[in-house]
Amino acid sequence: MTFQFESLQQLLTMDGHGFYVWTAVLVSMAVMLWLIVSPLLDSRRALKDVARDIARTANSKEET
Amino acid sequence: MNWLSNLSPSWQWFHRLGSPRWFYQTTGRWLPWLSLLAFTLLSAGLVWGLAFAPQDAKQGNSFRIIYLHVPASFLALAGYYIMAIAGAVGLIWKMKLSYMLMKSAAPIGAALTFLALFTGAVWGKPTWGTYWVWDARVTSMLILLFLYLGVLALQYAFHSNDAGNKASAILALVGTVNIPIIYKSVDWWYTLHQPATIKFTSAPSMHPDMFQPLLVMILGFYCFYTVALFLFTRAEILCRERKSVWVKELAMAREQS
Amino acid sequence: MASGFSAYLRRDLLLAYRRRGDAASPLIFFIMVSTLIPLGITPESARLAEIAPGIIWVMALLATLLSIDAIFANDYQDGSLEQLLISPHLLAMPVLGKTAAHWMVTGLPLTLASPLLGVMLSLPAQGYVPMVASLALGTGCLSLIGSVGAALTVSLRKGGLLLSLLVMPLYMPVIIFGSATVQSAIDGFAWSGPLAILGAMLAASIALCPLAAAGALRITSVN
């Protein structure tokens, strides 16, 4: 197993194919990141909503 | 049903498996390890594939997109089966959790199908000189995307969660009939695309130095898919079970920390 | 069991006869849209002949889609669908009867009118018999597959557009083999192969689609 490129610069350009390869990599990373982040945000929002509801009902009980 | 689970202990796991709370707690324990495994496999495979695998004699460096394209296509197809099986389990055993898994599998599958199409198009430009070719496999991938979008659209069209779940489970099962045709279409309308590069029945036709990083990437994508499926399902569980005591306790504990 | 089939076939045909205007619109759509093709692309007969098989098949598909949601919608609105659900028949048989009636009032007229379109789009002579044969089998598939989508969306207010989104991917194999039948006849090849596959698809659809549609109706028409 050897490093296939002579320099970092060559790794980026890849003999003219760099644009295609790195576009594919970046878009894949973005989509996969979204698949992880979006459910985490949903979970956090759901838990926050539940906590807020509990706090609200507790407050209204104190008032009455 | 109680005597039944006492009668045969092997049924107990099945009942527990149907409990969203059990699922939430168990996957909570698994997720750190699974995420670590997915991250390690994906980064190792990607670096190996992009920088260390030998370049293809004909396609040069553009072939390196294979390390994203093939795993994404695998999971896009496998994800449809996972979705359909989860839907079928839901319909047969009326398991709530199973519907939640099905509902979570749809956006993940659609995203991966999009990814397979996108990386294929970007790969096509340097290889065939065009981004889009109406070739059998590209077309069947596009049909797969439409099938996913149909399931998603149907799911959200119903006001009642229950009806939406059952309806999209049926649609997913009907769509599964289409998947063998997608595979067959590779033989029927083979035009521009390369033949299937990996056949598990015979030895890989790729050079081992190219094939090994691909295998790592495929494993990494499977782990990633599982992580994403767990995360989506956990979000769905929290949303649906927000009235239950354990979710309330969880929310309070989180608020205090 | 068969009584459920023929009773609903007869009933739906009678209803369609009473609403002749509704029943005729897919056919008129089929012919009218085909007039747009020469206007939009070219009146040149050589180029029209090239695309005629595909155009006729796409039009047949769209015309079927246009009418497929009516297969259960009227019954859902007037409540007779609920009666059907509690009737003693195996639900798949009445569903098959209703689908057969739908095919007779849309697919069959489209098939019979297709030679007219062939003339208008200057389809080569050897294409006519395969076109009629493939449409006869293929529109049956379209009605059957469409019935599943119609059953899934029957209770939704804006079900029509959603229905076409659900059903169109499932239609794609039918249109591939349908137009392949006509195209291979025009190119001078044997066309029995793709036609046989269409026949197999029809047989599979007859066996499976009414069951799926019946299951879908039980779920979606409850609320």
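The largest cavity has a volume of about 30 Å³. A cavity here is a set of points on a 1 Å grid over the protein atoms alone where a 1.4 Å probe fits but cannot get out. Its volume is the space filled by probe spheres set on the points, which are joined across faces, edges and corners. This is a predicted model, where local features need pLDDT of at least 70, side-chain atom pairs count only at pLDDT 80 or more, and totals for chains, interfaces and linings use all residues. Residues are numbered from 1 along each chain as its sequence is written, chains are lettered from A in the order in which they are written, and side-chain values use heavy atoms, leaving out hydrogens and water.

Lining residues have an atom within 4 Å of a point. Helices are DSSP runs (H or I, at least four residues), numbered from the N terminus.

Now turn to chain C. Leu65(C) lies in helix α3 (residues 45-68). Leu65(C) counts as buried because its relative accessibility is 11%; buried means under 20% relative accessible area, with a 1.4 Å probe and protein chains only. Beyond residues up to four places away in sequence, Leu65(C) touches Ser164(C), Val167(C), Met168(C) and Tyr171(C). Contact means heavy atoms within 4.5 Å. Ile55(C) is 10 residues from Leu65(C) in sequence and 15 Å away in space, C-alpha to C-alpha.

Definitions and conventions. Helices (H or I, at least four residues) and strands (E, at least two) are DSSP runs, numbered from the N terminus. Buried means under 20% relative accessible area, exposed over 50%, partly exposed in between (1.4 Å probe, protein chains only). On a 1 Å grid over the protein atoms alone, a cavity is a set of points where a 1.4 Å probe fits but cannot get out, and a pocket is an open set with protein on both sides within 12 Å along at least five of seven lines; lining residues have an atom within 4 Å of a point.
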